[in-house]
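Hi everyone, thanks for coming. Let me put the model up on the screen, and then we can walk through it together.

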Amino acid sequence: MLTLILLVLAVTGLLIVMRREAGPLPALAVTAGLGLVGLVAGAAILGALLLIAAAAIAACGLPALRRRWLSPRLFALFKRVAPKVSDTERTALEAGSVAWDRELFSGRPDWDRLLAFGDNGLTNEERAFVDHQCGVAAGMCNAWDIARERADLPQELWDYLKRERFFGMIIPREYGGLGFSAKAQSTVLQKLSISETLMVTVGVPNSLGPGELLLKYGTQAQKDHYLPRLADGREIPCFGLTGPRAGSDATALPDTGVVCKQVIDGEEVLGLRLNFEKRWITLAPIATVVGLAFRLFDPDHLLGDEADRGITLALIPRDTTGMEIGRRHHPIGSPFLNGPIKGRDVFVPLSTIIGGQEMIGQGWRMLVECLSIGRCITLPSGATGTARYALGWTGGFARIRRQFNVPVAEMEGVQEPLARMSALSYIAQAAVYQTANTIDQGEKPAVPSAILKSQLTEFQRVILADAMDIHGGKAVTLGPRNYLGIGYSANPVAITVEGANIMTRNLMIFGQGAIRCHPYVLEELAAKDADDLAAFDRAFFGHAGLIFGNAARALTRGLGIGQAAVPFDPVAAPYAREIARLSAGFGLAADAAMASLGSQLKQREMLSARLGDVLSNLYLASMLLKQWQEGDQVEGEAAVLDYAARFLLQRTEQAFDELFDNLPNRALGRMLRLLVMPRGRRWSRPHDDLTRRIAQAVSRDTALRHKLLANTWDVDDGPQDNPLARYNALLATQDRAEALYRTVNKAYARGELPPEALHPEQRVEAALEAGVIDEDDATFMRQREAEVLDLLTVDDFEYDAFVTDKSKVLRHHPA
């Protein structure tokens, strides 16, 4: 009995020490103290084992001892097995900043650090711009007109965008720009997402491109000349990075610049001779100034001793001799302006280098530092805005579309995708807003940018597919009335650009985060490079303490012991505690994967992807809780939070399951499963009751629907038709309409109306004649049915309308 008591005390004490990462001395006190008690009290075997454990802890844990024999050997081994970090990888790792992503990697997230990112919302000017200017711009768009009839935005919309300085959102006021916050930029792009072409046209100049590069790195002369002209649209920029052989691996640029001299107007000028071929460059067909990335060489040593000067960026005017520009690609589903740029022996002076000669060779660093912010905003905001519109249209359509005498929104087969759309939209809104808020407070979130870009564009794919399924024939028949189909067909563009989702998920999220966000790995690699044993010793044994701490936290919290304290209300607190539990499991699993696979983990992309999935879901769930904590909740919102949190936590456990099943070391996989999920999986798919409640709310005129559709163009005040405003107007009178439908249909079922009254309009007239309803109700229903039928109607065209070469038309029935 004494042995059992001592064993329980030893395990409990060590778990407490490990959870707190208290270090070797408390662990030594527990093992040595209980070991002596065992020897004295008659539990000699256990006492001896505990004393042996104490000796091992002293030898390995006390710095004065371990640095004499253990640390040098570990350091030598680490230098042999540690992955080599290339210069380009190091540049990417050092770019940006870490914040909440680091907390999740630690396994002990401090929620107060997340909540410390306060939010003042949008300024009055920003809010007015979103409400007015964005509404005016959205009101000029019709998807069919833009995609099929003109393959461009209307001229009046281009003029309006330039006049209202949409292209200058990131440019400070002193240069004539709007100087908007990241949150405002995101909100603007969400509202403009009623047209993917409009969103891309405005988003790209405010993302990765000459504007941001000039702001951060340009010379004063470059800023003074270009920034005012970019802000008011006199200059339209594009940025040439990708090419036929340089897509995801942007560092493998085959485009070159050679330092040389050329005589211009009788004067010898030192400059660059450029040869390049770029593809998929947004706004290239109409750009007036081209940002260009290339590899710079100085074979004649005109600038110094080094011949290979590295990736460099320059700003090239459109009319530069030798540059071919103006042709277009045809992006799937959307005609946003995108095209190739070529140059052969294009000579430009050194003054075109962004930032001047000081920034020669700094192009890759410049790009990755800018990309982390732009990738957090443009495509994630576009995906979030698309989600809002798709949800609004689909909820409205599902309520007014009736089959079997009921709205299809009452059918559970429709309610399931409606609820999923609502939850994914809710997650996207929280993630993009809260991440933008950290940017406004100085963060440059590199890993979250990869999470948002890949995850939210994948959400967009699911949401649009669900919307298409619910709309059915309404959405698959293209024409001016179809507000959904063209955006659906354009979705692969968002999946592919700015880092294809396959690459981002498999290589970037965990691959970059494992080093950049981990509390100790970057320090260990730096110690290796500096051959600094003392620094390695501190980092390595701090890392070891973290591993033991995460193992203890994951196990005990998985067993329901010692849950984390969280600063959330009773609705959100259970999810925050689960995130903390799974964060400890993630930290442990990440370290186990890195230790067991070493440099091979780079090639084991499926394992890396699953670790990235865990991190992504925990990050999104954290943003969800922060948004809940700081927002003003509306009726029904708790149900969406519940659905969304359960959805993300279920996906987290699924990723853990797949990781543990596929680790090459099967014993390690089984051990990790026992530590991380000792009671098995806790989270299943959201309950059907939640699904029904959410679907009902988003397909009716409710506070929840209004909140989920905030910052959309939802008023009928533009020259183009606004289906969302029309659906909202119908939903506002839905209760009256449903009562009248029931009255009329019951009368028909009882035989009080003629059997040939099959159309709703016929039944309304028959019901009026039979005295079932009065004239006021009949007038209301006539107007409503006319509006419903118009919204359900699809377009048709002349037989040869889609044939570009009329000579190839087949007249199957010539008569």
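Over residues 39-65 the chain is 89% helix and 0% strand, with 26 Å between the end C-alpha atoms.

A quick word on the ground rules. This is a predicted model, so local features need pLDDT of at least 70 and side-chain atom pairs count only at pLDDT 80 or more, while totals for chains, interfaces and linings use all residues. Residues are numbered from 1 along each chain as its sequence is written, and side-chain values use heavy atoms, with hydrogens and water left out.

Now to the open space at the start of the chain. The second largest pocket has a volume of about 640 Å³. Its lining has 21 residues, and nearest the centre are Gly23, Ala27, Ala544, Gly545 and Phe548. Two or more lining residues come from each of helix 1 (2-20), helix 2 (24-41), helix 3 (44-61), helix 4 (63-81) and helix 23 (533-558). Helix 23 gives the most, six residues. By type, the lining of this pocket has 14 nonpolar, five polar and two charged residues. Here Ala, Val, Leu, Ile, Met, Phe, Trp, Tyr, Cys and Pro count as nonpolar, Asp, Glu, Lys and Arg as charged, and the others, Gly among them, as polar.

For the definitions: on a 1 Å grid over the protein atoms alone, a cavity is a set of points where a 1.4 Å probe fits but cannot get out, a pocket is an open set with protein on both sides within 12 Å along at least five of seven lines, and lining residues have an atom within 4 Å of a point. Grid points are joined across faces, edges and corners, and a volume is the space filled by probe spheres set on the points.

How many cavities of 30 Å³ or more are there? The count is five. The largest cavity holds about 320 Å³. Of its 26 lining residues, Ser193, Glu196, Thr386, Gln460 and Gly487 are the closest to its centre. Helix 16 supplies the largest share of that lining, seven residues. The lining of the largest cavity divides into 17 nonpolar, eight polar and one charged.

The second largest cavity is about 80 Å³. Its lining includes Trp100, Asp101, Glu443 and Tyr619, and helix 6 (100-106) and helix 25 (605-630) each supply at least two residues.

Let's finish with the strands, which pair if DSSP finds at least two bridges between them. Strand 2 (residues 256-264) runs antiparallel to strand 3 (residues 267-282) over nine bridges.

How values were computed. Helix = DSSP H or I, 4+ residues; strand = E, 2+ residues; numbered from the N terminus.
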